[in-house]
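Work through the exercises below with the sequence and the model open. Try each task before reading its solution.

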Amino acid sequence: MSPAEEDQIKQSARNGWLLSAPALFVLTVAAVGPLVIILLYSFLEAGKHGNVVWNFSLEGWQSILWTKDIFTDSYVWADAHLTIFWRSVKLSFMTTIFAFLVGFPTAWFIATRPPKARAFWLFLITIPFWTNLLIRTYAINEVIRAQGLLNTILMKIGAISKPLELVYTDTAIFIGMTYVYLPLMVLPLFAAIDRFDMRLLEAGYDLYASRWDILRRIILPIVKPGIIAGSILVFVPSLGAYVTPRVLGGGKQMMIGNLIELQFGQGKNWPLGAALSLTLLLIVTAALLYYVKVANGEKSHG
Amino acid sequence: MAKPSFQVARLPGFSTVAMLAFLALYIPILTLVVYSFNSEISMGEWGGFSWKWYEKAWANEAVKDATLRSLNIAAFAAVISTALATMAALGTTRRRVFKGQTFIYVMINQPLMVPEIVTAVALMILFGLIKTVTGVHGLGYLILAHSAFCIPFAYLPIRARLEGMDLTLETAASDLYASPWATFRRVTLPLLMPGVIAGMMLAFVVSLDDVVITEFVKSAGQDTLPTYMLGQMRRQLTPEINAISTGLLFITVAMLTAFFLLTRKQD
Amino acid sequence: MTTQNAIEARNVVKAFGQGDTAVRALDDVSVEIRQGEFFTLLGPSGCGKTTLLRLIAGFEMPTDGVILLEGQDITYLPPNKRPVNTVFQSYALFPHLTVAQNISFGLEMLGKPRGEIKQTTERMLALVKLEEMASRKTSQLSGGQQQRVALARALAPQPKVLLLDEPLSALDLKLRQAMQIELKRLQTETGITFVFVTHDQEEALTMSDRIGVMSAGKLQQVGSAKDIYTRPVNRFVASFIGETNFLQAQAQGNKARLSSGDVVDLDAAATGAVTLTIRPEQIRLADPADADALPATVTNLVYFGTDTHVHLALADSTEVVVRQQSPSTGDSGVVMGQKVGLRFAPGAAQVVGD
């Protein structure tokens, strides 16, 4: 390579950095940088009235799983925390699976419409996707609460004699999360199915496959990257959900997000809150790395 | 009559599930909208059409205040994030892959990957420290936070537009004696404009919708519409919330329709 | 002033990639393109012809070597500072500008006065016969019209050299033939040096004053269409342009003995093992009894409308193809398996390098 060419390449890279620098600065100050602060706070001592005392301590990390018994000074399992972790993971998995079971046929339906109709149906999925999460949570709450639409209808037709007590239960959170995160499953699935070559189906039927064989042996393996993308997109925000469990769980049925908030509020244990935040971040990062690995693997096959 | 031909893409039951999914997605939203016009306070009964709750919300100083603040923050955040995202998109597309480019992608998309609650808590601590030290409590913190998490949303359509743009157009401009700056102003920017506007609208909607980060970063008396609503949901629910939600919903749908038409027109 | 070359490339090398994986798109290419000529770079895809064009335009910089424009070194001059314009393969018309705005773009960038821009634009529109389309968006034009806008846009600033990168490849056959004539007319009218890149030998032969044949990053031969067709320097040039027969032979003086044992005349002396090339239309079928003719057997007849290709085998089964005008009666005069004689003029058989 001649020096002139090298100069050109160097300048191109320098311009790339210069143009990206302002965005990187804002992201560092208001998105990435603050994460370093929580790392620091997770190793400090909790202040009596919230905030922190600037002494090194592992208490924050320890109290994720263990509570100090004030009488015996020994550590016991923090049952409340474990319950909340279990609920978060369980509800997130359930949400992901159910969103897939509903989202896959929906995405398939959209992708197999004629082009004009497809744009319309896709738009219908996009509207809830961009609609305020709080409004959607509130809307589903209006439907499932004691005097809500669901109970009113079921009572009117005589299916039940007294209202179903859905609100403030795990079921309510599960319904709510599936409702608010369904578009996140449908959109990547649609993108994958849209690229799917429908002539493969003709080939499959030509080779004596049944509809079930076609789905299991041809469609699902080929759209797998879309399935994984959709699942991650639903699982990650479910695990970190804050608004939906707060509104539909009524402060009783907490998830990790609410537990974190609690530590910065009434719990007055900022180091624990910081440690919990980082734990959540680690789980989410692991899920994303898994996705990147699978996605890259698929790419190198294709 | 001819028999219908064999439909390869049909899978039994899929259309039914899809229809049910669309109904399930829209019934709650439509119920919310319909009941915003109910003259009764209870969901159980329909007391006739009325603008009562809209009038009530409009007369509510706290709502008006929060609405203006929401729009104010969203406007600033949309403009700032779009400007930054446009520059970053120009810096990271259509040039030879350079060292650190992946790092820039990860940084830009970081707000999409980190759970909101984690960023919210982290910002609360950091900005809390700054507020204590400086004694400044302005809207700047919220605008800064919103600008940051809006960047990836503005970046995506702009980058897509840039990548779809024919590179030879700029080569042609430079062949016709345009300096790099003239090429940018006369060729690149006009062609990029639909992407920039689309990005700005997405950023606006995303900022307008934010609950979690705003809830943690705001100082006292800095409620936006969503955090005001979240606060109200702890108390007695009245159709006033439905009216506010419907208003917000209307803005979102209008923006999305415009976005949809804008991005469709380019091909 | 002596006649200066419009473009001169000296020992130009262009490598893509680095180290062991580097590919030499241009491997020590030197060429002189004369003032006012229609010069064509001809070669298969990947031969480096477009790379050479992009180096002249300034879109890329050579790894080594020098490029001169009218004697001035322009090797590292950015494209917007070179009085050289390009007609792109994809046309690259600005979709957000009208036809007239596209044409005046270069003039505006040069900071020409308004009146002159207007005048030149109108003149260019007339030159390419698009006066009525001036205020149309380019997307509303047909392929042929877009092509003409691209030409007008590149000619408007009156460049010293016009570069054309396979500009006709997107057009259908009829339009392409019309545009070939149009291009030649424009070149004659404007007197601007044209450097035309194509992989289509017919295009090259019909339009060019001179042709540079390229292959594998090297310039194989430069010359007039006739030179290149009748006196190809090597096997590649002979087979890339037109169809030909290759015959292995042992040469001595002006005689060569073919592998079949027959002896043919050469118009230039040579010695040792050589490859001969003979164009199919330069061979005539003769009576097998003719003592001077090479004996051969007809193995296949392929009908091409005006022509018929007669495939023949020499004594050692070497294949030779002869092109004959198809007789109007539909009877080709020969049948499969027939024994015939082959005759050709002494200059027809050319010795070529490998």
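## Exercise 1: chain C overall

Of the 354 residues in chain C, 39% are buried (20 or more other C-beta atoms within 10 Å of the residue's own; exposed means 12 or fewer, partly exposed in between, with C-beta atoms placed from the backbone). The model is predicted: local features need pLDDT of at least 70, side-chain atom pairs count only at pLDDT 80 or more, and totals for chains, interfaces and linings use all residues. Residues are numbered from 1 along each chain as its sequence is written, while chains are lettered from A and ligands numbered from 1 in the order in which they are written.

Task: describe the make-up, span and domains of chain C.

Solution. 
- Step 1. Chain C has eight helices and 18 strands (DSSP runs numbered from the N terminus: H or I of at least four residues for helices, E of at least two for strands).
- Step 2. Its C-alpha trace spans about 80 × 50 × 45 Å along the principal axes.
- Step 3. Domain 1 covers 5-238 and domain 2 covers 243-352; such bounds come from an automatic or database domain assignment.
- Step 4. The centres of these two domains of chain C, taken over C-alpha atoms, are 40 Å apart.

## Exercise 2: a sheet in chain C

Task: what is the strand order of the open sheet of five strands in chain C, and which strands are its edges?

Solution. 
- Step 1. The order is β13-β17-β14-β15-β16 (chain C), with antiparallel pairing; two strands pair if DSSP finds at least two bridges between them.
- Step 2. β13 (284-286) and β16 (319-325) of chain C are the edges, each pairing on one side only.
- Step 3. β13(C) and β17 (residues 339-343) of chain C run antiparallel and are joined by three bridges. C:L285 has C:L342 in β17(C) as its bridge partner.

## Exercise 3: chain C against chain B

Task: which elements of chain C give two or more residues to the side that touches chain B?

Solution. 
- Step 1. Count the contact: 17 residues of chain C meet 15 residues of chain B.
- Step 2. The elements are β6 (84-87) and α2 (99-109) of chain C. The largest share, three residues, comes from α2(C).
- Step 3. Sort the chain C side: eleven nonpolar, six polar and no charged residues. Here Ala, Val, Leu, Ile, Met, Phe, Trp, Tyr, Cys and Pro count as nonpolar, Asp, Glu, Lys and Arg as charged, and the others, Gly among them, as polar.

## Exercise 4: cores and a buried helix

Task: which residues touch the most other members of the largest nonpolar core?

Solution. 
- Step 1. A nonpolar core is a set of buried Ala, Val, Leu, Ile, Met, Phe, Trp, Tyr and Cys residues joined through C-beta atoms within 7 Å.
- Step 2. In the largest, of 149 residues, they are B:V121, B:L123, B:I151, B:A154, B:A203 and B:V217. Helix α7 (residues 170-195) of chain A gives the most to this core, with 17 residues.
- Step 3. Beyond four places in sequence, B:L123 is in contact with A:A30, A:P34, B:A145, B:I213, B:F216 and B:V217.
- Step 4. Another core lies apart, with 79 residues, including C:F38, C:L93, C:M179 and C:I228.

Task: why is helix α10 (residues 225-232) of chain B described as largely enclosed by the rest of the structure?

Solution. 
- Step 1. Six of the eight residues of α10(B) are buried, so this helix is largely enclosed.
- Step 2. The buried residues are B:L225, B:P226, B:T227, B:Y228, B:M229 and B:L230.

Note on methods. Contact = placed C-beta atoms within 7 Å.
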